[in-house]
Amino acid sequence: MTEFSSYKRADIFNQLENNSLDVLVIGGGITGAGISLDAVRRGMKTGLIEMQDFAAGTSSRSTKLVHGGLRYLQQFEVKMVAEVGKERAIVYENGPHVTTPEWMLLPFHKGSTLGPLTSNIGLRVYDFLAGVKKSERRIMFKPEEVLKREPLIKSKDLRGGGYYVEYKTDDARLTIEVMKKAVEQGVHAVNYAKAVEFIYDNTNKAIGVVVEDQISGESHKIYADKIINAGGPWVDEVRELDGSKKGKSLHLTKGVHLVFSNDVFPLQQAIYFDTPDGRMIFAIPREGKTYVGTTDTTYEGDIAHPVMKEADRDYLLKAIDYMFPSLNISADDIESSWAGLRPLIAEENASSPSEISRKDEIFISDSGLISMAGGKLTGYRKMAEQAVDTIVKQLKEEKGILYTKSNTKHLPISGGDVGGSEGFEKFKKQKIEKGIGLGLKETDAAQLVSKYGSNVDDLYEIFQNKKEEANTENIDPVVFAQLKYAIEYELAYKPVDFFVRRTGALFFNIHWVEKHQENVINYLAKTFGWKAAQKESYAAELKQLLHEAVTPEK
């Protein structure tokens, strides 16, 4: 069985070095995870390397919606809306624990970008293109009904609203669960493994990569028949490494989200609203919080470290004030925030970042390096299919090897064996009862089942059998169960892996991070034998993120 435990990092590197791979994927975001799963399911020996942590880039910093892109209809991206719209339901069925339907209210006021007629037509077309099931098709509301569902909305000049379904997700956990499924199927995947150089044969074909372990500093040579660059915002950097960055390139844009406590922003209903400048913004209730976003500005800074600036914060605060004037929210009310990058494909004729298409494309270099650029979280599975189809075609032509078609459409991701969306509620009820029987509070059991789905039994086992160790380490047993699981089953190594990508707590429960960080860091340091400088560096990394979540740059 392939490993995905941080205790076995050396073994994973050995497997990558000593196995002749059919495919090596560079990049452990949702696109890379999806590609590796699709490839291994077709019978290819597959490896994946990620220079940071899985989902550390765009895939943990999106709007956290598996959505069909209603606004892309305005840009006449009909094919994309049809494709990703249909994918929403597939993503949901394959992992109901990380993706849930969310009714979205689209209010329109006098002078809005979208009015009653255009909204009605747009949502109707959207339902048709996305193949929306009957129970989730759009409903149109009069102003009174809009205010009944969300009294905080500006009542002045309100003309009505559209009501339609999107899907809420935990983007980082979705990525981790897809990655875990790939590993279960045989993929050798490792984080903190940076591609520093390509290896070529005598015909200048890329046949491998020199990889530097970002933790130990050791170098490894990994060979593969086909190499796919799924680097997200780093796609062009990887192409430069190959000397093949020519023609089309990326245009990075930054999106910022703000998080508020429900006490400050008691939103009852997810809202999709337009701002005075015509951009569209989401306000979404989640886990006792409300988050609002996103901005869309051209980005030219450090790709690994986008941050919220005062201008981003003020733009969103003004947007909130415009649609929810009774709140009087200020910068002091912000509990947390995040900034992420969109790796869009540059377009000469786009007048603003919002107008750049979200479509994906494949570039193939002279060395044979395949690069997947652009795209959206929602369409990850179709993007993976397209990328692996490219490999299948090449291998058929070059070696006469035949592989099957993609077979991930009805494949539950890790944690998704819960009987589909219909069976999840029953599954949840049973597992919550089991958790209560083990001594968990109902709220804790419910949270664990919702987060880990069918993997929750592994956490229950840790909770039950490791209470003594948790007490010795002075860590709450529920926190300890998640930490131990993250280390043993999800390749978490650093404090930020646990607090940002494995739990999402830095964004949605920042006080929980502040409360538990010291004991968690001490446990990780002891477990992995960190030297003092290492421990200090990893603790500082978390401290910096905590600071940036509430303090914007000027």
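Helix H2 passes helix H6 in a left-handed crossing, meaning that the near helix is turned anticlockwise from the far one by less than a right angle. This is a predicted model: local features need pLDDT of at least 70, side-chain atom pairs count only at pLDDT 80 or more, and totals for chains, interfaces and linings use all residues. Residues are numbered from 1 along each chain as its sequence is written, and side-chain values use heavy atoms, without hydrogens and water.

H2 covers residues 30-41 and H6 covers residues 171-184. Helices are DSSP runs (H or I, at least four residues), numbered from the N terminus. The two pack at an angle of about 25°, with axes 8 Å apart. Axes are lines fitted to C-alpha atoms over the stretch in contact, and angles run from 0 to 180 degrees between N-to-C directions. H2 is therefore roughly parallel to H6 (angles under 35 degrees). Contact means heavy atoms within 4.5 Å. Ile30, Ala33, Gly34, Ser36, Leu37 and Val40 in H2 meet Leu174, Thr175, Val178, Met179, Lys181 and Ala182 in H6.

Now turn to helix H12, residues 456-465. Here Val456, Leu459, Tyr460, Ile462 and Phe463 are buried (under 20% relative accessible area, 1.4 Å probe, protein chains only). They share one side of H12 because they cover an arc of only 160° around the axis, taken from the directions from the helix axis to the C-beta atoms. Their cover includes helices H10 (420-437), H11 (442-452), H13 (467-472) and H14 (477-489).

From H11, Ala445, Leu448, Val449 and Tyr452 meet Val456, Leu459 and Tyr460 in H12.

Technical notes. Buried < 20%, exposed > 50% of the residue type's maximum accessible area, 1.4 Å probe, protein only. Parallel < 35°, antiparallel > 145°, perpendicular 65-115°, else oblique.
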